[in-house]
Amino acid sequence: MNDNGNVMWGPTGAMAATRWASDGLGGSLGVAIQSNNVYGTRRSKKGEPPWGMRVLVCGTNGTQRAPTVAPDGAGGAFFAWIDPAGPG
C-alpha cells in the first residue's frame, strides 16, 4: 500500500510471509517458514522482487519457528527465528 492506503500490487504467489517490515527505502521485507525452512523476500516500492521471489535463509533440519525480519539500513535484512535444536 502507498501512503494513501491504495494497494500498489497484488499477491505474488511466491510466498505467504508471516512477518513484514519496511526496508527503509519505500519497499518491504518479508519472512516465512515453509517446510521447516526459513525464507526471506523483498519487494521494492514498485512491487518488484529485487532478490527474486524468495531466498533461503536457513535450510537446516529441525523445526524453526517465530521468524522475524528487520532492515539493515542498506537494502538488506537481518532475519531471526527460534530453533529448538539450539546451537550446533
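In the predicted model, strand E5, which spans residues 65–71, and strand E6, which spans residues 77–82, run antiparallel and are joined by five bridges. Within this pair, Arg65 is placed opposite Ile82 of E6. The hairpin built from E5 and E6 has five residues between its strands, and Gly73 adopts a positive phi near 85° there. These two strands belong to a protein with six strands and zero helices, so that the pattern read along the sequence is β-β-β-β-β-β.

A further group of strands forms an open sheet, in which four strands follow the order E1-E2-E3-E4 with antiparallel pairing. Strand E1 (19–22) and strand E4 (55–58) each have a single partner strand and stand at the edges, so one side of each is left without a neighbour in the sheet. On average, and with direction ignored, neighbouring strands of this sheet are turned by 30° against each other.

Inside the sheet, strand E2 (residues 28–34) pairs with strand E3 (residues 37–43) in the antiparallel sense over seven bridges. Gln34 stands opposite Asn37 of E3, while Leu29 has Arg42 of E3 as its bridge partner. The hairpin formed by E2 and E3 has two residues between the strands, and Ser35, which lies in the turn, has a positive phi of about 50°. E3 also runs antiparallel to E4, to which three bridges join it, and here Tyr39 is found opposite Leu56 of E4.

The covering of E3 was examined next. Seven of the seven residues of E3 are buried, and this burial extends to both faces of the strand, with Asn37, Tyr39, Thr41 and Arg43 on one side and Val38, Gly40 and Arg42 on the other. In a regular strand, side chains alternate between the two faces of the sheet.

Among the residues of E3, Arg42 can be described in some detail. Arg42 lies in strand E3 and has a relative accessibility of 13%, which is why Arg42 counts as buried, the cut-off being under 20%. The side chain of Arg42 makes a polar contact of 3.1 Å with the side chain of Asp23, and the Arg42 side chain also reaches the backbone oxygen of Gly75 at 3.5 Å. When residues up to four places away in sequence are not counted, Arg42 touches Asp23, Leu25, Ser28, Leu29, Glu48, Pro49, Pro50, Trp51 and Gly75.

The largest nonpolar core consists of six residues, namely Ala21, Leu29, Val31, Val38, Cys58 and Val69. In soluble globular proteins, nonpolar side chains tend to be buried together. With residues up to four places away in sequence again left out, Val69 touches Arg19, Trp20, Ala21, Leu29, Gly30, Val31, Ala77, Phe78 and Phe79; among these contacts, Ala21, Leu29 and Val31 are also members of the core.

For the protein as a whole, 28% of the 88 residues count as buried. Of the contacts between residues at least 6 apart in sequence, 32% join residues at least 24 apart.

Terms used:
Residues are numbered from 1 along each chain as its sequence is written. This is a predicted model: local features need pLDDT of at least 70, side-chain atom pairs count only at pLDDT 80 or more; totals for chains, interfaces and linings use all residues. Side-chain values use heavy atoms; hydrogens and water are left out. Two strands pair if DSSP finds at least two bridges between them. Axes are lines fitted to C-alpha atoms, for helices over the stretch in contact, and angles run from 0 to 180 degrees between N-to-C directions. Buried means under 20% relative accessible area, exposed over 50%, partly exposed in between (1.4 Å probe, protein chains only). A nonpolar core is a set of buried Ala, Val, Leu, Ile, Met, Phe, Trp, Tyr and Cys residues joined through side-chain atoms within 4.5 Å. Contact means heavy atoms within 4.5 Å. A polar contact is a pair of N or O atoms within 3.5 Å; within protein, one must be able to donate a hydrogen and the other to accept it, and residues adjacent in sequence count only if both atoms are side-chain atoms.
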